[in-house]
Amino acid sequence: LSPVRSNLVNWYDFDHNSTILEIGTGCGAITEALLENIDESITLHALELSKRRAKINAHRNKSYSNLEVLVGNMEHLGTSKKYDYIVCVGVLEYAGKYISGADPFNSFLANLQSLLNPGGELLLAIENKLGLKYISGSREDHTGLFFESLMSYPQYKGIRTFSKSELVSMLEAAKFTS
């Protein structure tokens with residue numbers, strides 16, 4: 001609920017007349033931060049799996065005419081619509097629960113790539129599995145278990161985070177170039 005969360009996106013200079021897809025919008029904290037920092041020439045599509053959270057987001061940001069809130073799984077979005085930017089904050093770690101196939105995390109990133117226009121950009125934020133708080137003994141954010149991420153999720157149940165080197169490898173495999 002902290003307004004500091006908006007720092008994830010409020011620094012970014014989005015091009016005029018562009019399109020943004022935000023994946024996994026929750027109740028709209030990042031959606032709101034994006035809308036506060038873009039002009040009306042930029043269209044924002046906010047995709048949320050939960051109909052209830054999507055309704056909250058739509059109500060929270062009802063004063064913006066350049067927002068369209070969508071309900072559903074990214075897997076079923078299709079690739080007919082392409083975007084200049086995709087914003088994905090705190091979502092990749094859940095791909096193992098919501099994306100089908102043997103390698104849901106890489107499939108998720110490949111799906112994101114397929115939704116981008118040529119030259120499009122991905123803004124991705126996820127916890128670092130090797131974060132100092134985990135090394136210092138904090139419970140893993142998603143599992144509630146001690147040292148779970150540091151031990152590469154021995155009790156894996158579809159949710160996990162990654163190190164920087166793992167993310168780089170995954171992004172390269174999905175054809176992200178930088």
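Me: How many helices and strands does the protein chain have?
Reply: The protein chain has 6 helices and 5 strands. From the N terminus on, its elements run β-α-β-α-β-β-α-α-β-α-α.

Me: What makes a run of residues a helix or a strand here?
Reply: Both are DSSP runs, numbered from the N terminus: a helix is H or I with at least four residues, a strand is E with at least two. Residues are numbered from 1 along each chain as its sequence is written, and side-chain values use heavy atoms, with hydrogens and water left out. The model is predicted, so local features need pLDDT of at least 70 and side-chain atom pairs pLDDT 80 or more, while totals for chains, interfaces and linings use all residues.

Me: What does Thr31 touch, leaving out residues up to four places away in sequence?
Reply: Contact means heavy atoms within 4.5 Å. Thr31 touches Glu22, Thr25, Leu44, Ala46, Asn57, Asn61 and Leu67.

Me: Which class does Leu77 fall in, and why?
Reply: Leu77 has 29% relative accessibility, so it counts as partly exposed. Leu77 is found in the loop between E3 and E4. Beyond four places in sequence, Leu77 touches Leu21, Leu47, Leu70 and Leu115. Leu77 and Leu115 are 38 residues apart in sequence, and 9.1 Å apart C-alpha to C-alpha.

Me: Why is E4 called largely enclosed?
Reply: 6 of the 7 residues of E4 are buried, so the rest of the structure largely encloses E4.

Me: How do you know that E4 pairs with E1?
Reply: Two strands pair if DSSP finds at least two bridges between them. E1 and E4 have 4 bridges, in the parallel sense. One of the bridges joins Ile20 to Tyr85 in E4.

Me: What links E4 and E5?
Reply: E4 and E5 pair in the parallel sense over 6 bridges. Cys88 has Leu124 in E5 as its bridge partner.

Me: What makes a nonpolar core?
Reply: A nonpolar core is a set of buried Ala, Val, Leu, Ile, Met, Phe, Trp, Tyr and Cys residues joined through side-chain atoms within 4.5 Å. The largest one has 24 residues, and Ile23, Met74, Ile86, Leu92, Phe108 and Leu112 touch the most other members. E1 (19-23), E4 (83-89), H4 (104-114), E5 (116-125) and H6 (164-173) each supply at least two residues of this core. The largest share, 4 residues, comes from H4.

Me: What is Phe108 in contact with, leaving aside neighbours within four places in sequence?
Reply: Phe108 is in contact with Ile23, Met74, Cys88, Val91, Leu92, Ala95 and Ile99. Apart from this core lies another, of 18 residues, including Tyr12, Leu34, Ile38 and Leu44.

Me: How many aromatic pairs are there?
Reply: Rings of Phe, Tyr and Trp (its six-membered ring) pair if their centres lie within 6.5 Å; planes under 30 degrees apart count as stacked, over 60 as edge-to-face and the rest as tilted. By this rule there are 6 aromatic pairs.

Me: Which kind of pair do Phe105 and Phe162 form, and why?
Reply: Their ring centres are 5.1 Å apart and their planes stand at 75 degrees, so the pair is edge-to-face. Phe105 is in H4, Phe162 in the loop between H5 (132-135) and H6, 57 residues apart. Phe105 is buried at 7% relative accessible area, and Phe162 is buried at 5%.

Notes
Buried < 20%, exposed > 50% of the residue type's maximum accessible area, 1.4 Å probe, protein only.
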